[in-house]
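Here are my notes on the model you sent.

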Amino acid sequence: MSDFPLVFERSAPGRRAARPPVTEGPGMAELLGEDALRADPPRLPEVSELDLVRHYTQLAHRQFSIDGNFYPLGSCTMKYNPKLHEDAADRFLDLHPYQDPDHAQGVLALLHGLQGDLATITGMDAISLQPAAGAHGELTGILMIRAYHEANGEGEQRRVVICPDGAHGTNPATASMAGYDVVEVPTGPDGEVDIDAFEAALGPDTAAVMLTNPNTLGIFERRILRMAEAAHAVGAQLYYDGANLNAVVGRARPGDMGFDVVHLNLHKTFTTPHGGGGPGTGPVGVKAHLAPYLPVPLVKREGDRFVLDAERPRSIGRMRSFYGNVGNLVRAYAYIRTLGAEGLRRVSSMAVLNANYLRMKMKEAGFTIAFDRINMHEFVAQPPAGLRTLDIAKALLDHGVHPMTVYFPLIVKEAMMVEPTETESLETLDAYAAILAEVLQRAQDDPEYLAGAPRHTPVRRLDETTAARKPVLRHGFAPG
Ligand SMILES: *Cc1c(COP(=O)(O)O)cnc(C)c1O
């Protein structure tokens, strides 16, 4: 870490990185009117080009990123994003959302193709690409389910959404934002939803059941067909939180498991940047009976033309401006098309293999595995008695690797949720396991070791709540 000053502190009067050209023609005052001009120049730092380059380069070096470091953040899937996808997305940058669809047939054909591919991958009948994140996809899905029940005259009666106690927090949050009461069902000793409690919770007031499969423990719900049948028997709709599809992509389809609605996080499974690195994208897919409620517009094919279909009278409306985060849709399409069906199957097989390998290595190193059985793309571990997950996570930062997801799911004490992803090599997994073993060993040899970590990061232990709520932002404005 450099102790050199940040850009504002490097400011010296008269230094310049660039001089904008003097333009001919009408001045700003003429274009905008005198009263639109500011009286005083903005107080921006005055720096040389070199100062500016160093400023951004040093900030970039403070960043933990998948391009720089192993990042096995469970549930979040920090897999590598091939640069080819960035190049593909760049080629669509000159399009404008107000462009006449007749002049944007290329991108509409791509979006139409992606709708079709995602329908095939999920086993759904229709897809909307609009939602801008997983949680946004969930809200879209639950609002469609609400509209469906209302159209059937059951809007008043169906008040409840059922979620397992291991659910991602966005599931109950979505249900309550859509006006539903949330009923939680417990996880059984095998790491799957307690089937008796589940069936007992179902009733004529159930609007929807929200499930993730594999669930957030990384365990496949083997009774999913029975659960789907039981939910449908009481007239409820089954919602699949497919934020993370890495365990099953190319192999098993939510549509075939009995789900009526699914959302996907393109920024988890279909490699688009995320985690502070860019906007998300959470397409939703539905079975035919819910298709009339999809947001407008949908990309539709009419003969050899592609059109934006906004004439959908039962639609829940628009969920986002324009057509969603199109750059991410291009990236995801590039991903799906370069891998193909066989490649997608390899994604899920390698994701599952890597996760099971790392689970065994962490067991060897002395960690406990919650619900220790063959897992899918991720698993949940716990530190040895007396050690805290937070401390271990901080110590990992000193080794240049990112911690796993910590303290989620909530049903496992001191949870460490690990998702190595399919893009990591055997050597990386071995290196991570060795670092974990070393951290445990040092923690046992030296009681001060964990408490003092991290020692080599730009900042050490923060009060994270205060840091988020009341950030102290440094700048170098000279007074006056
Ligand atoms: C990440 C995630 C979500 C939420 O997705 P966002 O894009 O962050 O809104 C929902 N469910 C699960 C299981 C997730 O992993």
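1. Aspartate 241 reaches the ligand through its side chain. An N or O atom there lies 2.6 Å from a nitrogen atom of the ligand. Keep in mind that this is a predicted model, and that the distances in these notes are computed from it.

2. For lysine 268, an N or O atom of the side chain is 2.7 Å from a ligand oxygen. For asparagine 265, the corresponding distance to a ligand oxygen is 3.0 Å. On its own, the ligand has 380 Å² of accessible area, and the protein covers 85% of that.

3. The residues around the ligand are Ser75, Ala133, Gly134, Ala135, Glu138, His168, Thr170, Asp241, Ala243, Asn265, His267 and Lys268. Sorted by class, 6 are polar, 3 are nonpolar and 3 are charged.

4. Which helix gives the most to this shell? Helix 5, residues 134–151, does, with 3 residues.

5. Is histidine 267 buried or exposed? Its relative accessibility is 9%. The cut-off for buried is under 20%, so histidine 267 counts as buried.

6. What does histidine 267 touch, leaving aside neighbours within four places in sequence? Its contacts are Thr77, Ala133, Gly134, Thr272, Pro273, His274, Gly280 and Thr281.

7. On to the whole chain. There are 14 helices and 13 strands. The radius of gyration is 25 Å, close to the 23 Å that the globule rule gives for 480 residues, so the chain is as compact as a globular protein of that length. Along the principal axes, the C-alpha atoms fill a box of roughly 75 × 70 × 45 Å.

8. Burial and contacts come next. Of the 480 residues in the chain, 48% are buried. Take the contacts between residues at least 6 apart in sequence: 71% of them join residues at least 24 apart.

9. Last, the surface. The chain exposes about 23300 Å². Carbon and sulfur atoms supply 55% of that area.

Notes. Residues are numbered from 1 along each chain as its sequence is written. This is a predicted model: local features need pLDDT of at least 70, side-chain atom pairs count only at pLDDT 80 or more; totals for chains, interfaces and linings use all residues. Side-chain values use heavy atoms; hydrogens and water are left out. Buried means under 20% relative accessible area, exposed over 50%, partly exposed in between (1.4 Å probe, protein chains only). Contact means heavy atoms within 4.5 Å. A residue is near a molecule or strand if one of its heavy atoms lies within 4 Å of it. A polar contact is a pair of N or O atoms within 3.5 Å; within protein, one must be able to donate a hydrogen and the other to accept it, and residues adjacent in sequence count only if both atoms are side-chain atoms. Accessible areas come from the Shrake-Rupley method with a 1.4 Å probe; for residues, only the protein chains shown count as cover. Helices (H or I, at least four residues) and strands (E, at least two) are DSSP runs, numbered from the N terminus. Ala, Val, Leu, Ile, Met, Phe, Trp, Tyr, Cys and Pro count as nonpolar, Asp, Glu, Lys and Arg as charged, and the others, Gly among them, as polar. The radius of gyration is taken over C-alpha atoms; the globule rule is 2.2 Å times the number of residues to the power 0.38.
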